[in-house]
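Subject: Structure handover

Hello,

Here is the model you were expecting. Please open it alongside these notes.

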Amino acid sequence: MEKLRIVFMGTPEFAVGILDTITKNKYNVVGVITAADKPAGRGQKIKYSAVKEYALANNLHLLQPTNLKDESFLEELKSLNANLQIVVAFRMLPKVVWEMPELGTFNLHASLLPNYRGAAPINWAIINGETKTGVTTFFIDDKIDTGAMIMRSETEIDPTENAGQLHDRLMYLGSTTVIETLELIEKGNVRATIQTDSSDIKSAFKLNKENCKIDWKKPALEINNLIRGLSPYPAAWCMFLDKNEEWNVKVYDAKTILEDHDLAIGTMVCTKKEMKIAVENGFIQILSLQFPGKKKMTTPEFLNGVTFSAQAKVS
C-alpha cells in the first residue's frame with residue numbers, strides 16, 4: 001500500500017469541508033496552498049481565505065503563492081516531497097505544478113462531469129432545472145475540468161433547495177468521495193475513465209451581473225430556478241420601479257404560483273404581507289429580498305415599512 005504525502009490546494013469554505021475530512025481520516029497533509037490575502041469589504045481590511053483560517057488553526061504548513069510558476073514557490077513545493085496533490089475550488093494549475101507528484105494531482109469538482117465544467121457548477125445545475133447532480137474526482141490535465149475521471153457520486157436535487165443548501169450537501173458528498181478516491185490510490189486500484197465530449201454538454205459559466213439579472217418575461221419556473229440557483233450568493237437581482245424612483249433589489253427566496261391573469265408582465269401586486277410579480281403563466285411570490293442599503297428581510301418585514309403604488313412594477 002502506497003503511503004501518501006498530500007499537498008492540498010483550495011480557497012473557499014467548500015474546500016475546508018474536504019480538507020477537514022482528509023485530516024480527520026489521519027492522512028498526512030504535508031502542505032496547504034491557498035490564495036494570497038486580499039482586502040475585502042467597505043473597510044478594505046485584509047481577509048484570509050477560509051482554507052488559510054483552517055490551516056492556521058490546525059498547524060498545517062501553508063503556502064500562498066501569487067505566481068504558481070515562480071521558482072522559489074516551485075522549489076518550496078518540491079521540498080515538501082508530496083506524492084499526491086488534491087485540488088478543490090482553486091485556480092488553474094500550470095503543468096509544472098500538476099505533474100510534479102508521482103501519483104498525480106486530482107481535483108474534486110461539484111458536478112457530474114463532463115457536464116458543468118467551469119466556475120459555478122452548483123449554481124447552474126439549479127438554474128437549469130436539473131433533478132440530479134453530484135461530484136466527480138478526476139486527474140488534472142492541461143484544460144479546465146477535462147481530465148480522466150476517477151469517481152462520480154450522484155445526489156437528487158430537491159425542487160425547493162437553493163444553491164447554499166446544495167453546496168453544503170455536495171461538500172459532505174465530496175468529502176466521502178475524496179476519501180474513497182484516496183483509498184483507491186493508496187491500493188493502486190484506480191481505473192480512470194476518459195471524459196467523452198459531445199455537443200450537448202452543459203457548461204458552468206462564470207456568474208456575472210448580466211446572467212444574474214431576472215428576466216421577468218421567462219416562465220415562472222425558470223425565474224424561480226434562477227432565484228434558487230443564485231441564493232444566497234451572489235443573489236438574483238432586478239429593478240423595482242415606482243413613483244419615478246428605481247431600486248436595484250436582490251431576491252433570495254420565492255415561490256411560483258401558476259394561474260391565469262390579465263396583468264402586464266412585471267406588474268407588482270402587494271398586500272401588507274405579500275408581494276407577487278406577474279409573469280407569463282402566473283406569479284412569482286417574493287419571500288425574501290434586500291433593498292439597497294438595507295439588510296436582507298422577509299417580505300412581511302420589508303412591507304411593514306414600505307408601501308408601493310398600484311403602478312409599481314419590476315424590470
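The buried residues of helix H2 pack against strand S1 (6-10), helix H1 (13-24), strand S2 (29-33) and strand S5 (62-63). Contact here means heavy atoms within 4.5 Å. Buried stands for under 20% relative accessible area, exposed for over 50%, and partly exposed for what lies in between (1.4 Å probe, protein chains only). Helices (H or I, at least four residues) and strands (E, at least two) are DSSP runs, numbered from the N terminus.

Two notes on the source. This is a predicted model: local features need pLDDT of at least 70, side-chain atom pairs count only at pLDDT 80 or more, and totals for chains, interfaces and linings use all residues. Residues are numbered from 1 along each chain as its sequence is written, and side-chain values use heavy atoms, with hydrogens and water left out.

Back to H2, which spans residues 50-57. Which of its residues are buried? They are Val-51, Lys-52, Tyr-54 and Ala-55. Seen down the axis of H2, these buried residues fall within an arc of 160 degrees, so they line one face of the helix. The arc is taken from the directions from the helix axis to the C-beta atoms. An α-helix has 3.6 residues a turn, so residues three or four places apart point the same way. After H2 comes Asn-59, with a positive phi near 55 degrees.

Salt bridges next. The count is seven, where a salt bridge is a side-chain nitrogen of Lys or Arg within 4 Å of a carboxyl oxygen of Asp or Glu. Asp-37 lies in the loop between S2 and strand S3 (38-40) and Lys-52 in helix H2, so the pair ties together parts that are 15 residues apart in sequence. Lys-52 is buried, at 7% relative accessible area. Asp-37 is partly exposed, at 31%.

Another salt bridge joins Glu-154 and Lys-132 (3.4 Å, N to O). Glu-154 sits in strand S10 (residues 149-156) and Lys-132 in strand S9 (residues 132-139), so this pair ties together parts 22 residues apart in sequence. Both ends are partly exposed: Glu-154 has a relative accessible area of 47%, and Lys-132 has 40%.

Asp-142 also forms a salt bridge with Lys-143, the closest N and O atoms being 3.9 Å apart. Asp-142 is exposed at 51%, and Lys-143 is exposed at 53%.

How many disulfides are there? The count is zero, a disulfide being a pair of cysteine sulfur atoms within 2.5 Å. For Cys-238, the nearest cysteine sulfur is that of Cys-270, 12 Å away. Cys-238 is buried, at 0% relative accessibility. Cys-270 is partly exposed, at 31%.

Last, the largest pocket. About 1700 Å³ of space lies in it. A pocket is an open set of points on a 1 Å grid over the protein atoms alone, where a 1.4 Å probe fits, with protein on both sides within 12 Å along at least five of seven lines; lining residues have an atom within 4 Å of a point. The volume is the space filled by probe spheres set on the points, which are joined across faces, edges and corners. The lining has 46 residues, and the closest to the centre are Thr-11, Pro-12, Ala-89, Phe-90 and Ala-119. Elements giving two or more residues to this lining include H1, H2, strand S6 (84-88) and helix H6 (163-187).

Best wishes
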